[in-house]
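Here is a short briefing to read alongside the model. Take a look at the fold first, then follow the notes by topic.

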Amino acid sequence: MARQDSWQINSSKPSRTFASYSGTRKDRILYARAMALCHDAFGYLRLEYPKAALKAYDPVVQHLDKTLAAPPRLGIRAPRSPC
């Protein structure tokens, strides 16, 4: 576990083309994902929500984790590629 900006980072998944992490702070949950895109660009997603809404957000985060990927030219399959 690591602390960044007062967040307790609980999970981290880095790879060659993306990185994602989740954490908690007080009564909040954070999910973030950065991914390589075309033309040396990158995309970044950050969700922050109350712990009380965990059951509602958990399926959303799981879906995002499975579907947000780098474009195929970077070696990872993506559902829809902008390249």
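Of the contacts in the chain (heavy atoms within 4.5 Å) between residues at least 6 apart in sequence, 24% join residues at least 24 apart. This is a predicted model, in which local features need pLDDT of at least 70 and side-chain atom pairs count only at pLDDT 80 or more, while totals for chains, interfaces and linings use all residues. Residues are numbered from 1 along each chain as its sequence is written, and side-chain values use heavy atoms, with hydrogens and water left out.

**Confidence**
- The mean pLDDT (the predictor's confidence in each residue, from 0 to 100) of the chain is 80, and 76% of its residues reach 70 or more.

**Layout and strand pairing**
- The chain holds five strands and one helix, taken as DSSP runs (E, at least two residues, for strands; H or I, at least four, for helices) and numbered from the N terminus.
- Read from the N terminus, their order is β-β-β-β-β-α.
- Strands β2 (residues 7–14) and β3 (residues 18–25) pair in the antiparallel sense over six bridges; pairing requires that DSSP finds at least two bridges between two strands.
- Three residues form the hairpin link from β2 to β3, and Ser 11 has Ser 22 in β3 as its bridge partner.

**The nonpolar core**
- Buried residues (under 20% relative accessible area; exposed is over 50% and partly exposed in between, with a 1.4 Å probe and protein chains only) make up 29% of the 83 residues.
- Ile 29, Tyr 31, Leu 47, Tyr 49, Val 61 and Leu 64 form the largest nonpolar core, a core being a set of buried Ala, Val, Leu, Ile, Met, Phe, Trp, Tyr and Cys residues joined through side-chain atoms within 4.5 Å.
- The elements giving two or more residues to this core are β4 (28–36), β5 (42–50) and α1 (54–67).
- Leaving aside residues up to four places away in sequence, Leu 47 touches Ile 29, Leu 30, Tyr 31, Val 61 and Leu 64.

**Aromatic rings**
- A search of the whole structure turns up one aromatic pair.
- The ring centres of Tyr 49 and Tyr 57 are 4.1 Å apart and their planes lie at 5°, so the pair is stacked. Rings of Phe, Tyr and Trp (its six-membered ring) pair if their centres lie within 6.5 Å, and planes under 30 degrees apart count as stacked, over 60 as edge-to-face and the rest as tilted.
- Tyr 49 is buried at 3% relative accessibility, whereas Tyr 57 is partly exposed at 31%.
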